[in-house]
Amino acid sequence: MIESVYTEAACQRQALTSKIETAKRLYNVCRNMDIEEILELKLSAETEEEEEFFSLLSDFIQQIMWCEPVMK
């Protein structure tokens, strides 16, 4: 019983770590997108949900592009 709880907790920790690593990779990919790629991303949405997510993501990417030169 204790072993199964430990195993489940380890799996949950690994899944969380994987999601965090994935989010960090996504951030780094987004930082390197240019305007054409942002437009292509928005146009590639196949559902309303994707369209909304890509719109938020493209706003974020544009914010990064605007702020990075100021931060340097």
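Helices here are DSSP runs of H or I with at least four residues, numbered from the N terminus.

Two notes before moving on. Residues are numbered from 1 along each chain as its sequence is written, and side-chain values use heavy atoms, leaving out hydrogens and water. Because the model is predicted, local features need pLDDT of at least 70 and side-chain atom pairs count only at pLDDT 80 or more, while totals for chains, interfaces and linings use all residues.

Next, select S58. This residue sits in helix α3 (residues 48-71). S58 counts as buried because its relative accessibility is 0%; buried means under 20% relative accessible area, with a 1.4 Å probe and protein chains only. Show the backbone oxygen of S55: a polar atom of the S58 side chain lies 2.9 Å away. Leaving aside neighbours within four places in sequence, S58 is in contact (heavy atoms within 4.5 Å) with I38 and K42.

Now select C30, M33, I38, L41, F54, L57 and I61. These seven residues form the largest nonpolar core, a set of buried Ala, Val, Leu, Ile, Met, Phe, Trp, Tyr and Cys residues joined through side-chain atoms within 4.5 Å. Helices α2 and α3 are the elements that give two or more residues to this core. The largest share, three residues, comes from α3.

Finish on I61. Beyond its neighbours within four places in sequence, I61 is in contact with C30, M33 and I38.

Definitions and conventions
Buried < 20%, exposed > 50% of the residue type's maximum accessible area, 1.4 Å probe, protein only. Polar contact = N/O pair within 3.5 Å; in protein donor to acceptor, adjacent residues only side chain to side chain.
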